[in-house]
Amino acid sequence: MAPKPKPKPTVSSPSQPPAPIEDLFMSLNLHIQRSQFDQAVKVADQILLVAPSDEDAIRCKVVALIKEDRIDDVLSVIQASQRLPVDFIFLKAYCLYRQNKLDESLESLKSQEGTSATMLLESQILYRLGKMDACIDIYQKLQKSKIDSLEINLVAGLVLAGRASDVEGMLDAMRVKATSSFELAYNTACSLIERSKYKDAEQLLLSARRVGQETLMEDNLADDDIEIELAPIAVQLAYVQQLLGNTPEAMEAYTGIISRNLADESSLAVAINNLVVLKGPKDISDSLRKLDRLIEKGNAAQRFQLSNGLESKLSPKQRETIYANRVLLLLHSNKMDQARELVAALPDMFADSVMPVLLQAAVLVRENKSGKAEEILGQFAEKFPDKAKVVLLARAQVAVAAGHPQIAAESLSKIADIQHLPATVATIVSLKERAGDIDGAEAVFDSAIQWWSNSMTEDNKLTVIMQEAASFKLKHGREKEAACLYEELVKSHKSLQALIGLVTTAARVDVDKAEAYEKQLKPLPGLKGVDVESLERTSGAKPVQSDSRVEVTEAYEESKNKDKAKKKRKRKPRYPKGFDPANPGPPPDPERWLPKRERSSYRPKRKDKRAAQVRGSQGAVVREKHEAAGTDASANISNSKSDQATTSKGSSQSAAPSQSKPPSKSSKKKSRK
């Protein structure tokens, strides 16, 4: 093996002097104009070698790093430049915003002046935090600054704030058309969806797609890039089809978006989530695989967690929905350990939401721990009374399914907004009645009557509540209280139904009052000449059809028969093919439809006499003939013996039964071999 050649010694060249700083700044400016930000960072580093404290070079480097999405490097540069008199607070807040560190970013902006850039960044942070009212206030203040495309963000904020009905008036006030840009048309269509105007939203989304295609084609974007840019519109069109009940079309659209994979990360996540919802518990494994596409790469062995890009781009409501659907799929697939682990992490992610505690209760119910689920739901309702409505409804549902009607009634009674509505009152009364708490159910009726008596609403339900309360009291043997309610209804509302109930109820407790109110009932026609006392003495009348009714019935039947006769029309007889009516030939056999054995020409087949011969072993005899012969012989023998008995023994009255003996010849034949 030949030895390796030794490297040749290099001649050391004298170090070249650095380029003038003016030339470096010219090169830096050229790279920035050409959007060559990676080269701009290198040139900025060369400038900082010559002038380490140059503010312009540091600022250009920070901006170039931001353009290159190197946010961590930006924060490192800002941290290293703290001693320099350069204000990087705004850029630092922006970098923290890009890293989804929203609270830190908002805290950094507090020391900044209220410039339009600072206010715009603050509004974006508030938008991400879900604080829509504060976000909209800043957008409205920025209207005087004439910022481009401000109306797009303002419409989005109004939609997420639950003020979709204000979008149309706001656009009219700003004198902006919804189709002026595809982004604005998209956001306006979202407001129409919130107002349940699905057809109008569909038309506006189609217009947004057309405007977007025209705009992006003018910018010379490739077809794939155009499809990626317009992916949110495609997903929203599929969602509109889903809301309109066109499930096959919606599923086809979602599947196409997912399979082509030409969509931004957030649109793809929304399409996957909506497709999972449409499929429901069908093909759970495929739905779980699709949701696994949204998790952070390299996090497969750990719990389910969305990627950093989705965590920053999706709204809190969207992220919460994806996590909740993941938990439900795990419950359907009976993967309790994964569901329990994911549910335990949700309270830290969504501290202000009720969804984590609801999912925790769902897991406990699936594990047959309904009592524990009721306990944690009750504790949450006491701790957060402003969020207790949904939690108490869930607790009532869990209690009913577990057979705890008293706990369910107690949960519904704590919801002040609905506890006096007729449906809620009926549910609570039914639950208490099932639990055997009749007094408690009556107290619910009394409380509802008092509340509706003091209510000044137009749609007052006092009559309905009192009517049901009277029926309930009457059912449980409290006639006096029921009669009082009926009487109050009659006096205040002149209700005929209440008057009937009052008469029937008062007849049990106060006959005089029943007779007094009975006079207010209209008399029935045909009862003036009826003697009630004589009618009571009769045993009862049998229903007899009167002559007039019989005549009417007969007349009706005759007219019906006439109508049927009129409706019948004569049709020409249909003959078989080739049949001549003039020469019909011999008539057909009239017995052709009868079975053969019933026809006059039928003759049964002769039986074979040989079939009666007995076939068997030697010595076998015919049983019937032997029995007949034996019977005759026994009769003769007994008669002869009885004669002998009477002659020889006249005093005996009974004789033992005699047995017939075969003749000697037959016995001899049997003894032969």
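Me: How are the words buried, partly exposed and exposed defined?

Reply: A residue is buried when its relative accessible area is under 20%, exposed when that area is over 50%, and partly exposed in between, with a 1.4 Å probe and protein chains only. Lysine 42 has 48% relative accessibility and therefore counts as partly exposed. Its place is in helix H2. This is a predicted model, in which local features need pLDDT of at least 70, side-chain atom pairs count only at pLDDT 80 or more, and totals for chains, interfaces and linings use all residues. Residues are numbered from 1 along each chain as its sequence is written, and side-chain values use heavy atoms, with hydrogens and water left out.

Me: How many helices and strands does the protein have?

Reply: Helices (H or I, at least four residues) and strands (E, at least two) are DSSP runs, numbered from the N terminus. The protein has 34 helices and zero strands. Of its 673 residues, 33% are buried.

Me: What span should helix H1 have?

Reply: The expected span of a helix is 1.5 Å times one less than its number of residues. Helix H1 (residues 21-33) has 13 residues and should therefore span 18 Å, which agrees with the 18 Å between its end C-alpha atoms.

Me: Which residues of H1 are buried?

Reply: In an α-helix there are 3.6 residues a turn, so residues three or four places apart point the same way. In H1 the buried residues are Leu24, Leu28 and His31. Because they cover an arc of only 65° around the axis, they lie on the same side of H1; the arc is that of the directions from the helix axis to the C-beta atoms. Exposed residues Glu22, Met26 and Gln33 are on the face of H1 turned away from its buried side. The cover over the buried residues includes helix H2 (37-50) and helix H3 (55-67).

Me: How do the axes of H15 and H16 cross?

Reply: Two packed helices are described by the angle between their axes and the distance between the axes. Axes are lines fitted to C-alpha atoms, for helices over the stretch in contact, and angles run from 0 to 180 degrees between N-to-C directions. The axes of helix H15 (residues 247-260) and helix H16 (residues 265-279) come within 9 Å and cross at roughly 140°. H15 is therefore oblique to H16; angles under 35 degrees count as roughly parallel, over 145 as roughly antiparallel, 65 to 115 as roughly perpendicular and the rest as oblique. The contact (heavy atoms within 4.5 Å) includes Tyr254 of H15 and Leu275 of H16.
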